[in-house]
Amino acid sequence: MEHLNYKHTARARATGEKKQALVGVVASGNLEVLVERVLPGNECEIEIRTAAEGFGEVWKEVVADFVGRRSPGGLKFSINDGGARPDTVALRLAQAARALEGDGT
Amino acid sequence: MSDWDKGRRARAARIAAGTRFAQGKRVDARDATALLEAVIQPGDRVCLEGDNQKQADLLAAALVAADPAVLHDLHMVQSGVVLPEHLDVFERGIARRLDYAYSGPQSQRIAKLLFGGRIELGAVHTYLELFARYFIDLTPQVALIAAVSADRNGNLYTGPNTEDTPTVVEATAFKDGVVIAQVGAIVDELPRVDIPGDQVHFVIDAGRPFFVEPLFTRDPGAITETQILTAMLALKGIYAPYGVRRLNHGIGFNTAAIELLLPTYGERLGLKGKVASHWALNPHPTLIPAIESGWVEQIHCFGSEVGMDAYIRARSDIYFTGADGSLRSNRAFCQTAGLYACDMFIGSTLQIDLAGHSSTVTTGRIAGFGGAPNMGSDARGRRHPSEPWIKAGAEADPGEKAALRRGRKLVVQIGETFGEKNTPMFVEKLDALELAEKLKLDLAPIMVYGDDVTHIVTEEGIANLLLCRDADEREQAIRGVAGYTDVGRARDKAFVQRLRERGVIRRPEDLGIDPLDADRRLLAARSVKDLVHWSGGLYAPPSKFRNW
């Protein structure tokens, strides 16, 4: 199990009012993302626990692209990864961000 | 005085030798090996029928049981190396040389035998190419084929899985060869005659149907959101602008997703009647919802598919069927149809390099080609125009006078940037090249050559290679959709951005697609059971696809 942690400053604070959301599942080739609106200002933190070791460089790029694209200021993401492919990671991060923008459901 | 009928007399002698075991044309299954030892001679070219679907499995087992002191040095010329027996004949020293097209499930073992020198490889072909050679320089002396049933005169009913049989028999029977058929039953009257009895010399009653693999069944339950995203990109970014009506799909999950999006996303895009109406395609269960929703006008099939027979029988407006009502497939004709009468091939692959060459050969696995290189290539002999073909030709060569410009077939590779076990689809160097070096092959086993590929679709976007004007542009266009693979991360970002501005690369957002809309709820069927419902209970999936 590898632990990774990335901190970014987003362009803007994430919209919406919801405090937290959970997307995905912990399964082989998949991942679970818990997102919480707990950080001040435009800070953004992504904490990863992954079963697949040695992919730090790829995670770094996937996370940086995500922050650049979605501006998730104020959000903390905790990821439980079962060895998901980068495209799945990017999708789950985007889904998590959208879930917080949601209509409160 | 010269002698012009040596072949005919040799065939008569072979038949006479086999007749010892026969009553009329009928040979008991217990005598199958003895029959083969009597009819086949050392060094013969033998076609043991089998492709990616049907198998002459009884005859394969009978050949393996032959005495290598009697039968040896055979040259196997066959579509598929699929059953363990197909390789056992090499291990036992019965066969020595091999010319083939496809080897899906045996891909690892065939690689081992090639490296070990147990198999002398002629070449790996496409189906149509091997069939062509049956009539020029690889004509079989003996063909071992499979049929559903025979009558007492040796007429054969090959049924929905007719596939390669007429081609194999044509080449063998009309050039002094001997045709031996295994059948599931001998009956008084056949439902229809697929092979006339005068082309069949011996018939063995196997007492059971020949083996068929359900290779074209994709469980909608296993389709991922990323595959759905690639399917949305293909529909909106390729099917729609080119107006692709005549096409072939590969067997992967990405194209299965496209089939299942036609009645939902495709309908929303207003594409019904404008795309995907005429097909060269096996009876894919995942196309049932589109057929039932009125998208499809007609389909010609290479082979059949397990469980689809009753559905096909009830949809004769769509499929080619015989007087008995069941499907008539024909691999040679369908491959020809895919080559000359389809405007697009779209399918998946395992590796793509920086020039766009693709291959399904990976270290230790030689899967062969099947039909993909034929479907996935531009037919230089094509002369009839169509909208997609003309448009693609114009994109590739805008400077040429329209009336002198060749059209182009759309050859689309679709897939996720990372495949199973996180293996990247994009590579700097194909494993196929290493294999060619190791085996000292003149040609690396390339499935689709880069100059035939027109588009590459991944979750990151579409690269239109028709619009690339040189090798650098092509390389950056490929890197530009290669995602987080090493190839993708080594892109020249500014170069890729310029390609995007020119429309060479199109991202989901450039096409108005939000990746978050790629949801499994878009699939017209989300399980095999849903497919059964769509078919009105006519589709009968094989047990391994039933979980209810």
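Predicted model: local features only at pLDDT ≥ 70, side-chain atom pairs only at ≥ 80, totals over all residues.
Residues are numbered from 1 along each chain as its sequence is written, and chains are lettered from A in the order in which they are written. Local features need pLDDT of at least 70, side-chain atom pairs count only at pLDDT 80 or more, and totals for chains, interfaces and linings use all residues.

Trainee: Which residues of helix H4 of chain B are buried?

Mentor: Helices are DSSP runs of H or I with at least four residues, and strands are runs of E with at least two, numbered from the N terminus. A residue is buried if 20 or more other C-beta atoms, placed from the backbone, lie within 10 Å of its own, exposed if 12 or fewer, and partly exposed in between. In H4 (residues 84–91), the buried ones are Glu85(B), His86(B), Leu87(B), Val89(B) and Phe90(B).

Trainee: Where is Lys421(B) placed?

Mentor: Lys421(B) is a residue other than glycine with a positive phi near 55 degrees, and its 8 C-beta neighbours inside 10 Å make it count as exposed. Its place is the loop between strand S19 (410–414) and helix H15 (431–439) of chain B.

Trainee: How many residues of chain A are in contact with chain B?

Mentor: Two residues are in contact if their C-beta atoms, placed from the backbone, lie within 7 Å. On the chain B side twelve residues take part, and on the chain A side the number is twelve.
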